[in-house]
Amino acid sequence: MQEFTFAPTAMPPAAEAIRTEVRAFLKEARDTGLYTPRRHSWSSFDPAFSAECGRRGFIGMTWPEEYGGRGRSALERYVMTEEMLAGGAPVGAHWVADRQSGHQILHHGSERAKREILPKICAGTCFFGIGMSEPDSGSDLAAARTRAVQVDGGWRITGRKIWTSNAHRAHYLIVLARTAARSDSNRHAGLSQFIVPLDAEGIEVRPIYNLYGGHDFNEVVFDGVFAPDDMMIGEEGSGWTMVTGELAFERSGPDRFLSTVQLLLEIIDGAGPQPDRMAAVEIGRKVAELATLRRMSTSIAGMLDRDLRPATEAALVKDLGTAFEQSIPEMARRLLALEPRIDREDADLAALLGHTIVAAPAFTIRGGTREILRGMIARGLGLR
Amino acid sequence: MSDDILDMMLRTVDRLVAGEATRDMREGADGGALPERLWQAMETAGITDADTIDDDMTGPTEMQALVRHVARHALPVPLAEVMAARRLLKAAGLAEAAEGLTGIGVGDAGGMSLDGGRLTGTLRRVPFGRHLSQVVFAARDGNGAEHIVVAARPASVSADVNLAGEARDDLTFAGDAPVASAAVEGAADQVLAMGAAFRAVQIAGALSGALVQVLTYAGEREQFGRPIGKFQAVQHMLAVLAAETAAASAAAGIGFAEDGSSSALRAALAKSRAGQAATEGAALAHQIMGAMGFTREHPLHYQTRRLWSWRDEFGNEAMWQERLGREIAGRGGDALWPMLTSL
Ligand SMILES: Cc1cc2nc3c(=O)[nH]c(=O)nc-3n(C[C@H](O)[C@H](O)[C@H](O)COP(=O)(O)OP(=O)(O)OC[C@H]3O[C@@H](n4cnc5c(N)ncnc54)[C@H](O)[C@@H]3O)c2cc1C
């Protein structure tokens, strides 16, 4: 393959109807004080907001009704998510479950896992974390050392996960563990995934504070934690395939270019209705980038909807998208004479800028680093 | 147009490239000449008016695909200009030219005036200007109303070329009568936007042509005992080049509405992003190709010199970004997202 094509996706009328519905909901939620847009971003963890999304049917939208879903199309779900993100809604609590964990359970989980867990996810009362990374395996996930040993009726998991976002407030983790030794011929063999409740015996969650003192991610230690057979997802040894499939969902969505859109909106308002030439040029440049990213991302949504697997395209959008969102705080610094601050929680521009500056380094790391993504694109170009 | 017909046309272009796009042809065209044989072959094959076969059969998607493909091969022909002129005439309800080439032009800051049925003013750097029989542009009458005008090429032509050696000629009208005209609100914007939207498509095409050449080179050129494409630093440059190419292509798609019309907003989005990709992409392509890409001998420059020219024609990125930025700021932040989702 020499080129990646991003055919346009026309949103079906049902998706546009959802757009109207979500916009109305967000307006109401702002008016009633359920959230404050320009302070939150999609990664804000807010169980009350998630429960309200659950009540409105905005979680697990594409899943079958028997598991609490709404049987909607992937494009309807796409429009719901982009509206939530663009509206600055604090969807962080249910995000992982809605975006990837629930999807995995629906397609590869046992009937019991589906029945017990999916309806709670849809209700917005059950949250997930991702247990992939380990101290010695970040980019090289296949090097994972956490192991699961077969015992009567299930598996015992021992090892250590790190950078696990929300492990201290989620209900479950999907844990990637080694169920067979890694073979020299196949580095990706012998990995399996398990659903593990975070209150299980033998789990310890230790906070890791990030560079601005926030507590979002953690170290999670597993000391012989029991996972029954029916909490394994997929077949034994299918972990790698599932993890990489999951990452296509994690990488292509609007959460990979809208993380700092609230700041962009503030910059636009800060420039005033008659901006000087420099401000106008910068705003125009970013808006054209954003419009292009959205077109590429909706194109991928269309491919996923047609059951294609655009993993390389997703990597490409994440690379462009995270560079875009990372450039927004610098744009603010060029245009607004403003000292960023981080000591307050309020919604003013200085605080929003401060928070965005210190959050931005993570954008090109989480979900796969820029360098790993470029390696994937190079592979897609036939170079490796 | 069905996929099959489009496919056939694209393959016809490839065939013409194989037969006609010789080094001699390219060098001969580099300086402002029109490669007559190639153009005639394209006319005979129905490529130059593929957008007029039948409205149901020829959507804007196909029109873009053809223009993009021709740009991918960096063919020195006015396909985009001819199609743009036709779109503008059609939208204005004017008849198409009878004979010869019809292109488009943009007036200078003062604008072209159409007073008492007489045209005065200069169209600057009209693409392929000296080769045109007629040119479509916007003019303002004494009351300030805007018109889409089609006029025969005036006698006064001042010849020049762009960085790629394509003719970019000043055409000066001194009281000539137009062939036809129609009052059209925002005519000047329409011409500019149509030209810019087509340039964005061409940029996407030239970038993909450059990408293919560079990829081939990276697989063949060896240093330190292996193809340079095996070095991670080179792979990453290629990944970025591919990403910019894809972005240009997606941006160009925004340039046209479903009915094949453009608008200042669409053109601004498309040309801003595509122009940015042209800059970044051309730089990367040359870096990856080392000194070889800097030679006259290697064909990469047919694409990159066009990229450098096209990004500045019909408004460069800064010009469109400024317009876009003013528009967005004028409406305020909250209007941004609804605007994007309504495209
Ligand atoms: C905010 C945040 C939240 C996170 N949340 C989670 C979570 O919930 N669950 C989870 O499992 N993980 C999570 N992660 C972890 C994340 O997935 C990893 O940080 C990421 O995959 C990179 O791994 P690493 O940090 O070990 O860096 P390393 O892999 O050690 O990389 C360090 C540097 O080396 C480069 N590098 C590594 N290998 C290569 C290579 N082959 N070629 C070129 N360059 C290379 C990288 O690009 C990077 O620049 C989170 C990370 C962040 C920052």
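## The second largest cavity

By class, the residues around the second largest cavity comprise five nonpolar, one polar and three charged, where Ala, Val, Leu, Ile, Met, Phe, Trp, Tyr, Cys and Pro count as nonpolar, Asp, Glu, Lys and Arg as charged, and the others, Gly among them, as polar. The lining residues are B:Arg26, B:Ala29, B:Asp30, B:Ala74, B:Pro76, B:Ala164, B:Gly165, B:Tyr302 and B:Arg306, and the elements of chain B that give two or more residues to this lining are α2 (23-29) and α9 (300-310). The space in the second largest cavity is about 50 Å³.

On a 1 Å grid over the protein atoms alone, a cavity is a set of points where a 1.4 Å probe fits but cannot get out, whereas a pocket is an open set with protein on both sides within 12 Å along at least five of seven lines, and lining residues have an atom within 4 Å of a point. Grid points are joined across faces, edges and corners, and a volume is the space filled by probe spheres set on the points. Helices (H or I, at least four residues) and strands (E, at least two) are DSSP runs, numbered from the N terminus.

## Basis of the model

This is a predicted model, in which local features need pLDDT of at least 70 and side-chain atom pairs count only at pLDDT 80 or more, while totals for chains, interfaces and linings use all residues. Residues are numbered from 1 along each chain as its sequence is written, chains are lettered from A and ligands numbered from 1 in the order in which they are written, and side-chain values use heavy atoms, with hydrogens and water left out.

## The largest cavity

Four cavities of 30 Å³ or more are counted by this rule, and the largest cavity holds about 80 Å³ of space. It is lined by 15 residues, of which B:Val70, B:Leu75, B:Val77, B:Gln202 and B:Trp310 are the closest to its centre. At least two lining residues each come from α4, α5 (79-92) and α6 of chain B, and by class the lining of the largest cavity has ten nonpolar, one polar and four charged residues.

## The second largest pocket

The second largest pocket contains about 1,300 Å³ of space. Its lining is made up of 43 residues, and those nearest its centre are A:Phe6, A:Ala7, A:Pro8, A:Arg295 and B:Gly253. Two or more lining residues are given by each of α1 (13-31) and α8 (277-305) of chain A, and by each of α1 (3-20), α4 (60-72), α6 (187-220), α7 (232-254) and α11 (336-341) of chain B.

The element that gives the most to the lining of this pocket is α4(B), with eight residues. By class, the lining of the second largest pocket has 21 nonpolar, eleven polar and eleven charged residues.

## Chain B as a whole

Chain B has eleven helices and ten strands, and its C-alpha trace spans about 75 × 55 × 40 Å along its principal axes. The radius of gyration, taken over C-alpha atoms, is 20 Å for chain B, which agrees with the value near 20 Å for a compact globule of 343 residues; the globule rule is 2.2 Å times the number of residues to the power 0.38.

Of the 343 residues in chain B, 59% are buried, where buried means under 20% relative accessible area, exposed over 50%, and partly exposed in between (1.4 Å probe, protein chains only). Among contacts in chain B with a separation of 6 or more, 75% are between residues 24 or more positions apart, a contact being heavy atoms within 4.5 Å.

B:Arg86 is found in helix α5 of chain B and counts as buried because its relative accessibility is 11%. Leaving aside residues up to four places away in sequence, B:Arg86 touches B:Thr48, B:Asp49, B:Asp51, B:Thr52 and B:Glu96.

B:Ser262 is located in the loop between α7 and α8 (264-289) of chain B, and it is buried, with a relative accessible area of 19%. With residues up to four places away in sequence not counted, B:Ser262 touches B:Ala193, B:Met194, B:Ala197, B:Gly255 and B:Ala267.

## Cysteines

Over all chains, a search of the whole structure finds zero disulfides, a disulfide being a pair of cysteine sulfur atoms within 2.5 Å. For A:Cys53, the nearest cysteine sulfur is that of A:Cys122, 12 Å away, and A:Cys53 is buried at a relative accessible area of 0%.
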